[in-house]
Amino acid sequence: MLLRRLEYLVALARERHFARAAAACHVSQPSLSAAIRRLEHELGVPIVRRGRRYQGLTPEGEVVLAWAHRILAERDALHQELSALRDGLTGTLRLGIIPTVVPVAALLTGPFCDRHPHARVAMESLSSLDIRRGLAEYELDAAMTYLDDGEPRQVRRYPLYEERYVLLTPVGGPLGDAAGATWSEAAALPLCLLGPRMRNRRIIDECFAAEGAAPVPAVESDSVAGLYAHLPGGRWSSVISHAWLHMFGVPPGMRVVPLAGPAHGPRVGLVVARSEPPSVLAQALVKVARQTRLRDALDSLLTAHLDAHD
């Protein structure tokens, strides 16, 4: 019964509404409210600030919530470990991924599913902030994100690859025959880029600024797929991460041109909550990541696209 009441508390903190929390837990609102009152009575502290509507948790409630996340995560880890001993790895791996890494996610989730056919993957595209929250509150088992972007301290980091930036430009355009290009030359082209709220775009803007350039893109997108949708037809160019070539390749009539400057951008890696005991599913994904050699695969892909136009 204690675990059930902790589940209700976690749902209430997430939904911030008694009726929605009850619906998420498949119980009536009076049942959920009564269970949380019983939890308060058992622990001897007020947990919820009560009024006509949900008003948040008390300071004591925030402490109880943190322990609830931890206790429920350890319960899930126990079930996963026992299940793995009995039937092989089962359960659902909850994986958060920043949008610009989604194109290469299958390079890890594919081998993971091949190796553990009874396990499932629930992948969600999230901001770095949501990933940090999801790991801290045990709502995620692992994440693929930038390793230099202020993750919480209580995580384990496993580098996967470094982003490399290249120019994707029409064959018949001003730089269509160039052996290489500067960031200043790229800034002068009609560009389609990710929007400024995206971490990848801010990194690219820093590279432009290092050469005194400030691009004014004609089109901005909040997704890699939206960006690529505008490239066929030879109207716009774009600066892309080499990892995106895995999913999207090079549109017809365009080519990849190396950009002068840093050989590598920020590191992308796998991040796992530093929980004890560790998530069996997360550790299985880490093992796959160590054997996949993602960096070498992406570097070879970029080399193949560059050699294709030599």
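Residues are numbered from 1 along each chain as its sequence is written, and side-chain values use heavy atoms, with hydrogens and water left out. Because the model is predicted, local features need pLDDT of at least 70 and side-chain atom pairs count only at pLDDT 80 or more, while totals for chains, interfaces and linings use all residues.

**The sheet**

Helices (H or I, at least four residues) and strands (E, at least two) are DSSP runs, numbered from the N terminus. Two strands pair if DSSP finds at least two bridges between them.

Strand β10 (residues 267-273) has antiparallel partners in β4 and in β3 (residues 142-146). The table lists the bridges that join these strands to β10.

| Strand joined to β10 | Bridges | Direction |
|---|---|---|
| β4 | seven bridges | antiparallel |
| β3 | five bridges | antiparallel |

Val271 in β10 stands opposite Arg157 and also opposite Ala143. Gly269, again in β10, is the bridge partner of Pro159. Six of the seven residues of β10 are buried, where buried means under 20% relative accessible area, exposed over 50%, and partly exposed in between (1.4 Å probe, protein chains only).

**The helix against the sheet**

Helix α6 covers residues 128-136, and its buried residues are Ser128, Ile131, Gly134 and Leu135. Seen down the axis of α6, these residues fall within an arc of 120 degrees, so they line one face of the helix; the arc is that of the directions from the helix axis to the C-beta atoms. In general, an α-helix has 3.6 residues a turn, so residues three or four places apart point the same way. Just after α6, Tyr138 takes a positive phi of about 60 degrees.

**Cysteines**

A disulfide is a pair of cysteine sulfur atoms within 2.5 Å, and by this rule the model has zero disulfides. Cys207 is in no disulfide, and the nearest cysteine sulfur, that of Cys192, is 18 Å away. Cys207 is buried, with a relative accessible area of 15%.
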